[in-house]
Amino acid sequence: MEPLFFQALINGLLLGGVYAAYSMGFCLVFGVMGVVNLAHGELIMLGAFTGYWCFALLGVDPYLSAPVACVLLFGFGYLVQKYVINRVIDQPHIMSYLLTFGIHLIIANVALSLWSHDYRSVATTYSGSGLRVWGVNIPWARMVTFWVALLATGVLWFFLAGTETGRAIRATAMDKEMARLMGVDVRETYAITFGIGAAVTGLAGACISPFVVIFPEMGLEYTITAFCVVVLGGMGYMPGALLGGLFLGVAQSMTATYLSAGMSVAITFVILFLMLVFRPTGIVGKGSVA
Amino acid sequence: MRIPMPARQAQRTMEIRPHKLSEHPCGDQRQPPSTKSSHESLPGETLLQIRFDFSFFREEIFGPAALGASKVPSLRVRRTDRPRPRSACGPRKVDANLVAAPSRLLQKGCPPDPLPKTVGTLDGAAHPDGSCKLGSGLSCFVAAPGHASPGNFISIRTAGIILAVLGLCVLPSFSAVGAEPLPLRIGLVVSLTGVFGHDGALVKDAYALWMETVNKKGGVNGHKVELVVYDNKSDQATGAKLVEKLIVGDKVDLLLGGFGSDQVFAESAVSERHKFPMISGGASSNKLFERGYRYYFGTLGKATEEVRGCVEVLGTVTPKPKTAAIIGADILFTALACEGYKKYCASNGIEVVHFELFPMKLQDYNSLLAKVKHKNPDILLVGSHLLVAMNTVKAMKEVDFSPKAVAFSYGPTVPRFAAELKGDAEQVMAASEWTPRLPYKDHVFGSAMDFHNAYFGRFKRYPDYVEAASVGGAVAQQMAVEELALKPPLKKEHRVAIMEKLHARGFDTCYGRVEFDKDGANVAHPPVVVQVQGGELKNIFPKEHADAEMLYPFKPWKERK
């Protein structure tokens, strides 16, 4: 009984780390611009494919190619925001939903025609192997991803708190008009924010590539999970993605272990519903309620 | 006055065909469409047609008017809100100011006509919603502005010119029909996008290869085969509608079955109603055969029977496994496979210590497998599709769960499985129906190995048993048509005869013996079990056709490099 409980707990925490890693960008974009990025899962997919192709074609380990994914996705996110999403940023929210949903379809279908519907997997030498402590298995790849999530949260936090650009981003998030009056180029700031969100997401995508199955249509599931994580952690509150991810991961893992795997999917939406009704500001109550 | 509409001919000129089928590795059909007559075949061009059907989408988004207005997606239709001069519109003309670009309507054989002068004027009574059905009433686009006299729809002269032009358009079609025998048109609805997009595309490719091979050999009773393919987007309701469209709208001669029990379940209900035989090689749920249908057939074994070999082969090893855990995705086929495992575990004296179905969308496989590991079963039996199988193997390794044997109902037989998982796929077993080394033969492909090689030559990847089973069904139907000496266009009584023939006798195909029971299930086919050994699928059951000994027990993850 005991090892099973600890295994479930570790599974949950590691899963939570994965959730946090890929939800952070979603949280940032939502917090600053109020855009629910429905193409978020596709950014993860692009990150994962970057990891896959670097591994398959060049033999580069996904964790070494993660910075490449980071840079590529930053450029992609920056351009998408600057030339596409910025056009509807002042319109009602429904416009950005429609637009990002369109982007989701375009990316997914372009990827589908480029890379076909095949399921792919990065088979590194350490895939699936891990550490064994007191009868509990801790897979390396997930553990690294967990630390990447922690590190990325920390770096983002310091970036937003301590740098000029970070302050501009926060100022824009708080009051767009006032930021503009203070000389902040709001549209440029939006583009940078989306670029950073995409970069973090790409990083996460490359980091999860050794232990997930990669295919062009994988994105939507991830978008849904990221949305749940961000609601749980508090919408727009950066450390919330980490808290929400860990909470959801442990909740799902415990449900799968002690009830059934089917219930673990259902419990996600039950928690989401309860949070939205009773505590819309998230677990620690620091999220924004638009 | 109304213009008579040669509706059928007009519609035929509007079919869309890709330039070349399936150059893409997964046979993706999204390539630039072109408009061509369905009965013209250009030299060197494959006859397989893919028609994009956007009508359901349109109908939902824009309402029925939109559906009528632009049924043919490639046709450029533009609405203009500019008020037209009085001279251009008669007093009773309706509000749909449709302007069609004529150059795309007029196919080869039409005189070149560079001026965009076909302005739509419609009879409001005929089209109360103000829309114009391009597919069925092309001739409702009439006359250059100024040619119509006020109060009348069009002048007699203009009508004459248009009819002459249309006549020229359809003339090549008629001459083509006269010169070549009518093709045998076979409809197929299959998933090309969505959850089953990958598997469906494989089935489509298999049928395409069959069509090409048959046509190279002179066709069926001297008639070329022509496939008409629609994508059901992995959705049952869409699939059912599209089968109806194939039968009623496209008036195909015969049908073939697609992939996925849920989809085929819905689609075969429509074909049964229209008395069209449908043989599927990609669906095996028992429910398909429990409806009392006479026109539905499946070449695969029933889902519950398909996994029999997996359990029976484990009865032959020493030490014999005593306990089993059964898990599977909670959809029709995989849930039934789990039921089959349970049934054959009971008859082989293996105790089931854990049984669980989970949703297809499960992300956390690790917790599930950790729980199963905790029950310490001797063997793990999984009801799976490819994605579930890959996720399960990855999770087994992560939680370090090494039972003595692991078997999947579907997944490892897809070559992608071993290619992607590499060493982790070793010693994984899977239920199968076919391997190329089995001694099966037919008159289309030759042996099972010939089919295997032909498929590889065409698509640069190896076929799985589902492709073989699909082709087996197509060949069985072809043999029935040949034996009855039927020629297209097939009539209702012909299809009844084909159905009776399919029930009456067995067929030898490159997929093996196909013999349909009263309920349409193939009873002649023995279950096959394969195991990944050295990156290749080796046949380990039935013993008489085995090409390798079963590796048992499963090598623990710790001992693998």
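In which sense do strand β15 and strand β20 of chain B pair, and over how many bridges?

A: They pair in the antiparallel sense, over four bridges. Strand β15 of chain B covers residues 429–432, and strand β20 of chain B covers residues 528–533. Strands here are DSSP runs of E with at least two residues; helices are runs of H or I with at least four; both are numbered from the N terminus. Two strands count as paired if DSSP finds at least two bridges between them. Strands of a sheet pair through backbone hydrogen bonds, either parallel or antiparallel. One bridge can be named: B:Ala430 has B:Val530 in β20(B) as its partner.

This is a predicted model, in which local features need pLDDT of at least 70, side-chain atom pairs count only at pLDDT 80 or more, and totals for chains, interfaces and linings use all residues. Residues are numbered from 1 along each chain as its sequence is written, while chains are lettered from A and ligands numbered from 1 in the order in which they are written.

Next, the sheet around this pair. It is open and has seven strands, in the order β12-β11-β13-β14-β15-β20-β21 of chain B. The pairing is mixed. At the edges are β12 (351–358) and β21 (536–541) of chain B, each pairing on one side only. Neighbouring strands are turned by 25° against each other on average, direction ignored. The axes behind that angle are lines fitted to C-alpha atoms, for helices over the stretch in contact, and angles run from 0 to 180 degrees between N-to-C directions.

Now a residue that touches this region of the sequence. B:Glu305 is found in helix α9 (residues 303–306) of chain B. B:Glu305 is buried because 23 other C-beta atoms lie within 10 Å. The cut-off for buried is 20 or more such atoms within 10 Å, for exposed 12 or fewer, with partly exposed in between; C-beta atoms are placed from the backbone. Leaving aside neighbours within four places in sequence, B:Glu305 is in contact with B:Gly340 and B:Pro527. Contact means that the C-beta atoms, placed from the backbone, lie within 7 Å. B:Glu305 and B:Ser284 are 21 residues apart in sequence and 9.2 Å apart in space, C-alpha to C-alpha.

Helix α15 (residues 448–459) of chain B is another element to inspect. Its 12 residues should span 16 Å at 1.5 Å a residue, and its end C-alpha atoms are 17 Å apart, which agrees. The expected span is 1.5 Å times one less than the number of residues. The buried residues of α15(B) are B:Ala448, B:Phe451, B:His452, B:Ala454, B:Tyr455 and B:Phe459. Their cover includes α6 (197–216), β17 (446–447) and α16 (465–483) of chain B. After α15(B) comes B:Lys460, with a positive phi near 60°.

Finally, the chain as a whole. Chain B has 17 helices and 21 strands. Of its 561 residues, 52% count as buried. Among contacts in chain B between residues at least 6 apart in sequence, 70% join residues at least 24 apart. Chain B also touches chain A: the contact takes 30 residues from chain A and 38 residues from chain B. On the chain A side, α1(A) gives the most, with five residues.

Note on methods: Contact = placed C-beta atoms within 7 Å.
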